[in-house]
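Subject: Structure handover

Hello,

Here is the structure for you to look through. Please open it first, then read my notes below.

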Amino acid sequence: MDLKNVFIKVYGKTKEPIYHFFSPGRINLIGEHIDYNGGYVLPGAINLGIYGVMSLRDDEKIHLKSLDFPNEVEVDLGKDIKYKNEDGWGNYAKGVIKFLKEDGYSLKGCNILIQGNLPNGAGLSSSAALEVLIGYMLLFSIMQDEVDRKYLALLGQRVENKFIGVNSGIMDQFVVANAKKDHAILLNTQHLSYEYIPCFLNGYSLVIMNTNKRRELASSNYNQRRQECENALETIKKAKNENINNLCQCTLDDLQYIKNEVEYKRAKHVITENQRVIKAVNLLKNNDLKGFGELLVQSHNSLKYDYQVTGFELDTIVEEALKTYGCIGARMTGAGFGGCAIALVEKNKVGEFIEKVSKNYLNVTKIKPDFYETSIEDGVKLLS
Ligand code: GLA
């Protein structure tokens, strides 16, 4: 049934207009673990995401329900908003409401129903999709499509960092808020300036490969990597006695100053990965998909050996993909430690590719993977 009809069943009939929105998940084509190091990333929105339906109420309450999770949340706009474990997914919405209020927006009471087809915790940014969706819907109710999308991205990141307590960078929320169909976003994460890069994959498809390996300890490992990068930067700054803002401003020459082996490897990944993003953009602009595919493999290897965030399942699925006819590149995407990888596959070989990789990956890991062929889509938007 159409989500608007379900909405009427759940909340009852209303004279107010009922709006229908979509907020996508994302993949990152290349530029991994770069957004908190001030360099370039190249993400795009995908065709899986979260749908939201909203209509206004005549009181000061925001009601939130999901067809995917049991928790229902009611927020009184006149009261203080606090994180509560039992509110589950609703905490993302509560964080958005809290910060919009703090920023001075006079929000209106409304009913919201959401439903998604994005696997949770699979590294496709389901939480960014949710934060940006709720933020967009609430801002839309007071300013229609005049929403400032850079603000929306920063709002989502603030919720993630300050309300949920995950110390992530800006990439996910930025792409969910600003993405454009058939384009990747080349985002400068230091200045938040960006360029849309046409991404027509002539004859090739992007296949998302979900290892279905739970991302255990993902956030503590993530925070540890951030710390290691900060330490590496400190070491270089001290040795050169220069004021350097971030690791992406350093060169491979600067690695000579780092004696700690772990920090050396982390910094090497960051510096080379940032360079690969620029190379990747040039290759895409020249329609050199084979060259682009090779960079994906180099990126995966750097994340495997130097940044050490891949793990057995991601390495296996990427290895199996690369062995399979028609695949010209593959790499993990997102934070790593489980979750998803992407592969660039000849369009007419996709069916066969999925069958083979699925079978071989299951054989090696005993886990059944999932595959989604994706197009590159728009960011959050009103559907009707
Ligand atoms: C997660 C974070 C992003 C980014 C990636 C790694 O998705 O939310 O900010 O750091 O990991 O590139």
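Strand β9 (residues 204–210) and strand β11 (residues 340–346) run antiparallel and are joined by seven bridges. Within this pair, S205 stands opposite V345 of β11.

Some ground rules. This is a predicted model, in which local features need pLDDT of at least 70 and side-chain atom pairs count only at pLDDT 80 or more, while totals for chains, interfaces and linings use all residues. Residues are numbered from 1 along each chain as its sequence is written, and side-chain values use heavy atoms, with hydrogens and water left out.

Now the terms. Helices (H or I, at least four residues) and strands (E, at least two) are DSSP runs, numbered from the N terminus. Two strands pair if DSSP finds at least two bridges between them. Strands of a sheet pair through backbone hydrogen bonds, either parallel or antiparallel.

**The four-stranded sheet**

β9 and β11 belong to an open sheet of four strands, ordered β10-β11-β9-β12, with antiparallel pairing. β10 (327–332) and β12 (370–374) stand at the edges with a single partner strand each, so one side of each has no neighbour in the sheet. On average, neighbouring strands here are turned by 20° against each other, direction ignored. Axes are lines fitted to C-alpha atoms, for helices over the stretch in contact, and angles run from 0 to 180 degrees between N-to-C directions.

Helix α8 (residues 289–305) lies across β9, β10 and β11. It runs at about 30° to β10. Contact means heavy atoms within 4.5 Å.

**Helix packing**

How does α7 (residues 261–285) pack against α8? The angle is about 170°, and the axes are 10 Å apart. The residues in contact include K265, H269 and T272 of α7, and L289, G291 and F292 of α8.

Helix α6 (residues 218–240) also packs with α7, at about 95° and with axes 9 Å apart. These two helices are therefore roughly perpendicular. Among the contact residues are R225 and E228 of α6, and V262 and E263 of α7.

**The six-stranded sheet**

Another open sheet has six strands in the order β5-β4-β6-β3-β1-β13, and its pairing is mixed. β5 (73–76) and β13 (381–382) are at the edges, each with a single partner strand, so one side of each is left without a neighbour in the sheet. Strand β4 (residues 61–66) pairs with strand β6 (residues 110–116) in the parallel sense, over five bridges. There, S66 stands opposite I114 of β6. Helix α5 (residues 171–178) packs on this sheet and touches β1 (19–28) and β3 (43–56). The direction of α5 makes about 135° with that of β1.

**A hairpin**

Strands β7 (residues 183–188) and β8 (residues 193–198) run antiparallel, joined by six bridges. L187 stands opposite Y194 of β8. Four residues lie between the strands of this hairpin, and L192 takes a positive phi near 60°.

**The ligand**

Which residues surround the ligand? They include R26, D35, D172, Y222 and A335; a residue is near a molecule or strand if one of its heavy atoms lies within 4 Å of it. A polar side-chain atom of D35 lies 2.5 Å from a ligand oxygen atom. For D172, a polar side-chain atom lies 2.6 Å from an oxygen atom of the ligand.

Best wishes

Note on methods:
Polar contact = N/O pair within 3.5 Å; in protein donor to acceptor, adjacent residues only side chain to side chain. Parallel < 35°, antiparallel > 145°, perpendicular 65-115°, else oblique.
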